[in-house]
Amino acid sequence: GFDTDGENTTGQSEGPHLVLAKTQPIASYKTYLPLEELDITTIPSMVQASVESYTAALNTFSSAVIHAGMQALSNKKISEKMLTAYIAEMGQHGRFTDAIENAPAQTLARNVRTYLSNPFYGNIQETHAGLVADDTKKREVYADLIENDSLQIFEHENLIPFLTDRGSKQSIENLFRLIRKIDALQLDVRQAVGLLEVWLDCTHYYPEQKGLFEDLVPLCEKKITESLLLIDEGLYLSNDGVYIDSTASLISAQILMRYGSVQSPIWQSVARMLITSLLRYAGESAGLPIGFTVTGSKSTQLGITADDSSMLDGGILYPLLMSDNSWYPHVHSLALQAEAGIWAWTCAQDIEVLENTSKTLLLRIRFPEGQSHYLTLHGVRPFYRIEMYGIPFRSDARFEMYNSSGYTYNASSKILYVKMRHKSEYETIRLSIGSAPQSSSSIRSAQSISASNENAVAPSVPSADIEQKKVESAEPSQVQQLENPVQSDDSAN
């Protein structure tokens, strides 16, 4: 190829070329990349897009997270995010007990721990307030973006589940109104991927809205394809062809993985290659630069330079790369199994709704036998009886202190706080909804009860013994946990 005037040479195929320029006294030997749009149908045949390369890259990252976590614990300098990632990955490998022994609750000061790690460590009533506050802020941000027809709304993850369970019907309607008038050509690549995620979720939550996306989905695919860069046998996603944002790329890859599972599997190949290409720069560590700057041009040779102004450590990267690991604390929506507004903050392996009627809510929860975890259920209607292990339980504000299951309930916020100790892998929670049925004789007696008792706190359990008083303010892991002194009781709430 001859570039005698320093001009771009178009229409050349990829391969080695001699470059001769008037301004340079010597000839240079470079590899040209095609200027035309990348043909994504070729990506599945590339090594970095293979399942084997992808699996190997994630396994390397997994090992790096465990090593980084153990090293940070040894140095007594670990962040909550890194700690949570370490425990989640250990759990994935069947080593949850070892993780908790290596990193007991006092690893981080009580006032440092947040809702992120409370499924492992408890203190759920106090720390859960942080999640409630974060949700309130999200609702405000989302409402403002939607009201102003801002396409930035599609840069936020899990929009449909969030607005369904924690938003309002009006917020969902306003989002659909915005989608109806979208000019897809104005979307940047992150927004295009985000819109695909909205479409994916709508197929389950709001299938009647399918028609909204018929013309948008192909345009989103086109935008994404145009934003792909093939550099040094790696694939990258860039909004402007100049900068590669690591976080945005990894989030986009996870969405494209889902998209490819219901559309063309080519998109799964694209997603795998986006991830393996970035993880090449992590090496044996669990960190990545915040981004990369694209150098050169398509008419000569493209390269990338790490933006090391900030680093993403394993604690930050873990939920971006291991989003399918249910050991990592997460929101579990039960809207599709039960009704909108019922969801959990949990590290349980699975939560199933076995029954949801006007009288009963029956949940089955999966977690390893012999292990305990803490669960926060939202949108739970008032109930008069709760059963775990098939046994009625009574509310107790000190439930986290016992070496057994227990709960407390906030009727005003409809939040149920639960400690689940699994006697078997699958345990159930049965809630009897509403008011307890009364006999005709008890109705006359009930009429004499003051109306002020309607909002009274649930009956407290009898005091276990003097030693119980000594442990009320201690960490659960710092004391010898006691069996819940009262389990069977029909007046559970």
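Two strands count as paired if DSSP finds at least two bridges between them. The close-up views below are taken from a predicted model.

**View 1. An open sheet of three strands, in the order 5-6-7.** The pairing in this sheet is antiparallel. Strand 5 (243–245) and strand 7 (302–312) are the edge strands, and each of them pairs on one side only. From one strand to the next, the twist averages 25°. Strands of a sheet pair through backbone hydrogen bonds, in a parallel or an antiparallel manner.

**View 2. The pairing of strand 5 with strand 6 (residues 288–296).** These two strands run antiparallel and are joined by three bridges. Aspartate 245 is found opposite glycine 291, a residue of strand 6.

**View 3. The aromatic pair of phenylalanine 383 and tyrosine 407.** The structure holds 16 aromatic pairs. In the pair formed by phenylalanine 383 and tyrosine 407, the rings are tilted, with 6.0 Å centre to centre and 50° between the planes. The pair links distant parts of the chain, as phenylalanine 383 belongs to strand 13 (residues 383–388) and tyrosine 407 to strand 15 (residues 406–410), 24 residues apart. Phenylalanine 383 and tyrosine 407 are both buried.

**View 4. A cluster of aromatic rings.** Phe96, Phe120, Trp327 and Phe367 are linked into this cluster by ring pairs.

**View 5. Charged side chains over aromatic rings, at tryptophan 343 and tyrosine 389.** Arginine 166 lies over the face of tryptophan 343, 4.6 Å from the ring centre. At tyrosine 389, the charged end of lysine 423 sits over the ring, at 4.3 Å from its centre.

**View 6. The largest nonpolar core, with 105 residues.** Within this core, Phe154 and Ile179 touch the most other members. Helix 8 (residues 189–205) supplies the largest share of the core, ten residues. In soluble globular proteins, nonpolar side chains tend to be buried together.

**View 7. The surroundings of phenylalanine 154.** Leaving aside residues up to four places away in sequence, phenylalanine 154 touches Leu159, Leu175, Leu178, Ile179, Ile182 and Leu187, among others. Its contacts also include Arg190, Gln191, Gly194, Leu195 and Val198. Another core, of 24 residues, lies apart from the largest one. Among the residues of this other core are Leu334, Val353, Phe393 and Ile429.

Key. Residues are numbered from 1 along each chain as its sequence is written. This is a predicted model: local features need pLDDT of at least 70, side-chain atom pairs count only at pLDDT 80 or more; totals for chains, interfaces and linings use all residues. Side-chain values use heavy atoms; hydrogens and water are left out. Rings of Phe, Tyr and Trp (its six-membered ring) pair if their centres lie within 6.5 Å; planes under 30 degrees apart count as stacked, over 60 as edge-to-face and the rest as tilted. Helices (H or I, at least four residues) and strands (E, at least two) are DSSP runs, numbered from the N terminus. Buried means under 20% relative accessible area, exposed over 50%, partly exposed in between (1.4 Å probe, protein chains only). A charge sits over a ring if NZ of Lys or CZ of Arg is within 6 Å of the ring centre and within 35 degrees of the ring normal. A nonpolar core is a set of buried Ala, Val, Leu, Ile, Met, Phe, Trp, Tyr and Cys residues joined through side-chain atoms within 4.5 Å. Contact means heavy atoms within 4.5 Å. Axes are lines fitted to C-alpha atoms, for helices over the stretch in contact, and angles run from 0 to 180 degrees between N-to-C directions.
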